[in-house]
Amino acid sequence: MPHRITSMSTVKATVEDVMPGIGLAYLTGDDHRDWTVTRSTRGCGLEALKEGQRLELTVEQHQHFAVVRDYAT
């Protein structure tokens with residue numbers, strides 16, 4: 001059964017660690033949550049991210065979890 005999106009929101013976040021070789025970047029959100037983006041997350045690309053950089057995340061809220069849909073600088 002597919003997971004239904006219950007809402008969308010935006011979150012400001014700070015890049016904590018970028019690992020383009022394995023396709024991940026870890027972020028800390030202003031919402032006091034940790035977020036992860038992957039090479040398949042829509043955005044400028046992991047190679048363009050730097051530690052300390054601020055991003056705006058579009059977050060899909062599902063019933064039991066939330067995921068980053070896309071990000072922008």
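Author: Helices and strands are read here as DSSP runs, numbered from the N terminus, with helices being H or I runs of at least four residues and strands being E runs of at least two. By that reading, Ile5 lies in strand β1. This is a predicted model, in which local features need pLDDT of at least 70 and side-chain atom pairs count only at pLDDT 80 or more, while totals for chains, interfaces and linings use all residues. Residues are numbered from 1 along each chain as its sequence is written, and side-chain values use heavy atoms, with hydrogens and water left out.

Reader: How many helices and strands does the secondary structure of the protein come to?

Author: The protein has zero helices and five strands, and the order from the N terminus on is β-β-β-β-β.

Reader: Which strand do bridges join to strand β1?

Author: Two strands are said to pair if DSSP finds at least two bridges between them. Here strand β1 (residues 5-19) is joined by nine bridges to strand β4 (residues 54-62), and the two run antiparallel; one place to look is Thr10, whose bridge partner in β4 is Thr58. Strand β4 is also joined by six bridges to strand β5 (residues 66-72), again in an antiparallel arrangement, with Val67 in β5 as the bridge partner of Glu60. The link from β4 to β5 is a hairpin through three residues.

Reader: What does Ile5 touch, not counting residues up to four places away in sequence?

Author: A contact means heavy atoms within 4.5 Å. With residues up to four places away in sequence left out, Ile5 touches Glu60, Gln61 and His62. In sequence, Ile5 and Gln61 are 56 residues apart, yet their C-alpha atoms are 5.8 Å apart in space. Across the protein, among contacts between residues at least 6 apart in sequence, 51% join residues at least 24 apart.

Reader: Is Ile5 partly exposed or buried?

Author: Buried means under 20% relative accessible area, exposed means over 50%, and partly exposed lies in between, using a 1.4 Å probe and protein chains only. Because its relative accessible area is 43%, Ile5 is partly exposed. Of the 73 residues of the protein, 33% count as buried.

Reader: What radius of gyration would a compact globule with 73 residues have?

Author: The radius of gyration is taken over C-alpha atoms, and the globule rule is 2.2 Å times the number of residues to the power 0.38. For 73 residues a compact globule would have a value near 11 Å, and the protein has 12 Å, which agrees. Along the principal axes, the C-alpha atoms fill a box of roughly 35 × 25 × 15 Å.
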